[in-house]
Amino acid sequence: MSNRLPVDHFVNDDGTDGWSTSPGGLVTALEPLMRASDGAWVGWPGVADKEFEPFENDGISIVPVTLSSAELEEYYEGFSNDTLWPLYHDVISPPAFHREWWEAYVRVNRRFAEAAAAVAATGATVWVHDYQLQLVPRMLRSLRPDVVIGFFNHIPFPPYGIYSQLPWRKQILDGLLGADLIGFQRIADAGNFTRAVRRLFGYATRGAAIDVVDPDGRPRRVIAKQFPISIDAASFENLARRPDIQERAKQIREDLGNPKTIMLGVDRLDYTKGIGHRIKAYGELLREGRLSVEDVTLVQVASPSRERVGAYMALRDEIELAVGRLNGDYSTISNSAISYYHRGYPREEMAALYLAADVMLVTALRDGMNLVAKEYVAARFDADGVLVLSEFAGASDELKQAILINPHDIEGVKNAIMQAVEMPKRERSRRMRALRKRVFDNDVATWSASFLETLTGGAAVQGGVPENLVSALRELSANETLLVALDFDGTLAPHVDEPDDARAVEGAQDAVKRLLELPGVRVALVSGRALVSLRQVADPADGVLLAGSHGIEVQLDDSGLEIDLDSAELEQLETLARVLERISGPVAGTWIEKKPAGLALHTRQATPEDGIGVQREAKAQVEELLPGLTIRDGKNVLEFSVRASTKGDALAQLREHTGADAVFYAGDDVTDEDAFAELGPDDLGLKIGPGASGARFRVRGPEEVAQVLALLADFRASADAHGEANGPSAE
Ligand code: ADQ
């Protein structure tokens, strides 16, 4: 889903509707995938007040969302482009806050969410793009809890001091948190977002993970991290290699009078792009005689943008005044200081311009990524040309061999321009080669694959055991000693309503039995269940190690089962009991359950208002009286534990106990993410089902887990037979 569909509407001679595909990088990257997965693209077709039926374009279903011209004004030009855009770009231009714009934004976001809800298959993956649709993830989740939702923010996410100006700051964050995965351009953007979430919602965050509580009271883990977008680098290079394009590049140079140096700026005409700063620096260099129009010229391409928004009209006047002044002051009959073009060009012409330019100037004051910088690099197959790049563009995180500038520092920009103009050939080519490596290593296909892999992994929907997992299992099986640690519910056994009814699928039982008999292999169950409950589904006498209550209770070979709380913990437990009893005692339908190292407060039989009230009160008081105590939100239950433990801690303990050289860990729950985080490069993490995950591999469900464990047992058995796994003694 994106605000704008990847197709443009036109009217055929006979009056029928026609559509042409717009050639953006995003479309190129997603097209093959969408065709293969019977995908649909939901968005606005670019024409107001007109309803279009869904149609098929190049094997992709196109689902147009209708916008009225009033909505276009309020939701798009207003809230998106005159509120969010300036706010998210460091308030370079003052954002306007209007309640009716916000209302239109909510209305249109709901329409998009409904359109997606109507076309998405059961369990589908929905990828929502950009700041115009930030409320869609939450709206879609409430309409369709079965779908997996990713969101990518193409523009920066501002620091809290700026973000907090937004009157609807909580609603927008909540909208985004409806997604399973939220992608940003830079690590700093993800950090700003996570900090805002902590400040406004108080949710716990660890690294990229944010533990949220959904309106239905269920806890859920959201991942927020950077996925720097890129371009279809190979296609840009191929374009630049075409003889006609090279010819055109030569022609451009000639038409400009073959100056020693051609500098180029290519931007949407936007106040974020720092076009004025660039012209100012260049003008001063001409005035000071450090550059002269006989040697140097600047080509500035500014594509028309948002021409009905006031700030953009004013910007156009300002830039064109500056261009006119500079040309008036410095151009000669045969040499222009600036050649300025206010129009869009086809990709072919862009490639020729990039080839013709000795120096590319990207001076954005704030920019999510800036694809122009990457396009310039991709086009330069001749490993020549110098990129001057603003630190405030996301691209600067990757393109370190550019000349990096702070565009506000005009002296600095001037020096950078001089350095670029005078840079010796060898240095130019050394830098350009390094830049090219980076752009080709992370192209737009890699970008989208890595986002989608983190979101669901292909195997979450397809079933079967992916080929790369098979080879990773083979490699893993060759370790001398191996720990196979498994979550139970949802991993070995399908989820059921009554925990006592859960049974591991047959194939998984068999595979676990085989693994238990193999030398050098230990098997452990790691669960949120209490140990007593875990013992009903696995028998420690068979040699299975057990870690219950997220690792608070562990049953290792011959070690005791009881957990000994120390005096401080006992004291905390007493305080905890006192607080919970005081709060829940008077409220009907609530009760307290004793846990091995804590207490659980159940509210299932209370009225929803009472339940929420009691939980909120209990949480607040416990946090105040016993800061740092582990609190887990469940559905209608709050668990308080005086001993902090996660499945990650459990895994670490099991690893130490078994002394295993490598670990296999499989789990389906958000709590399993703590275990995945414990894994090292030689270990193997397997996520079951959809949802963002830190695991390297993924399969659909317990049936597939059974296949995976059987494969592992096979590999291990044959490795044993050949003596590989027994180390030097067997050789
Ligand atoms: P934009 O602000 O539009 O994108 P940018 O990343 O530079 O900025 O992309 C502009 C695209 O338009 C480039 O592909 C460029 O070639 C093309 N273009 C510019 N002027 C043109 C002209 N006159 N004729 C033809 N084509 C022209 C937003 C964010 C960016 C982020 C992208 C992608 O603001 O920071 O990099 O999305 O996520």
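**Figure 1. The hairpin of β1 and β2.** In the hairpin of β1 and β2, five residues lie between the strands, and among the residues of this hairpin G15 takes a positive phi near 90 degrees. Strand β1 (residues 7–11) and strand β2 (residues 17–21) run antiparallel and are joined by five bridges, where strands (E, at least two residues) and helices (H or I, at least four residues) are DSSP runs numbered from the N terminus. H9 has W19 in β2 as its bridge partner. This is a predicted model, in which local features need pLDDT of at least 70 and side-chain atom pairs count only at pLDDT 80 or more, whereas totals for chains, interfaces and linings use all residues. Residues are numbered from 1 along each chain as its sequence is written, and side-chain values use heavy atoms, with hydrogens and water left out.

**Figure 2. The open sheet of β3, β5 and β4.** Three strands with mixed pairing form this open sheet in the order β3-β5-β4, two strands being taken to pair if DSSP finds at least two bridges between them. β3 (40–43) and β4 (55–57) are the edge strands, and each of them pairs on one side only. From one strand to the next, the twist averages 35 degrees. Three bridges join β4 to strand β5 (residues 60–64), with the two running antiparallel, and E56 stands opposite S61 in β5. Helix α3 (residues 99–119) lies across β3 and β5 and runs at about 165 degrees to β3; axes are lines fitted to C-alpha atoms, for helices over the stretch in contact, and angles run from 0 to 180 degrees between N-to-C directions, while contact means heavy atoms within 4.5 Å.

**Figure 3. The crossing of helices α8 and α9.** The axes of helix α8 (residues 233–241) and helix α9 (residues 243–255) come within 5 Å and cross at roughly 70 degrees. That makes α8 roughly perpendicular to α9, given that angles under 35 degrees count as roughly parallel, over 145 as roughly antiparallel, 65 to 115 as roughly perpendicular and the rest as oblique. L239, A240 and R241 in α8 meet P243, I245 and Q246 in α9. By class, this contact has four nonpolar, one polar and one charged residues, with Ala, Val, Leu, Ile, Met, Phe, Trp, Tyr, Cys and Pro counted as nonpolar, Asp, Glu, Lys and Arg as charged, and the others, Gly among them, as polar.

Figure 4. The order β14-β13-β12-β15-β16-β17 describes an open sheet of six strands, in which the pairing is parallel. β14 (338–341) and β17 (403–405) stand at the edges with a single partner strand each, so one side of each is left without a neighbour in the sheet. On average, neighbouring strands of this sheet are turned by 20 degrees against each other, direction ignored. Strand β15 (residues 359–362) runs parallel to strand β16 (residues 386–390), and four bridges join the two; M360 stands opposite L387 in β16. Helix α14 (residues 410–422) lies across β12 (261–268), β15, β16 and β17, and runs at about 170 degrees to β17.

**Figure 5. Domain 1 and domain 4.** The domain assignment, whose bounds come from an automatic or database source, gives domain 1 (67–226), domain 2 (233–443), domain 3 (462–563 + 645–721) and domain 4 (567–641). Taken over C-alpha atoms, the centres of domain 1 and domain 4 are separated by 32 Å.
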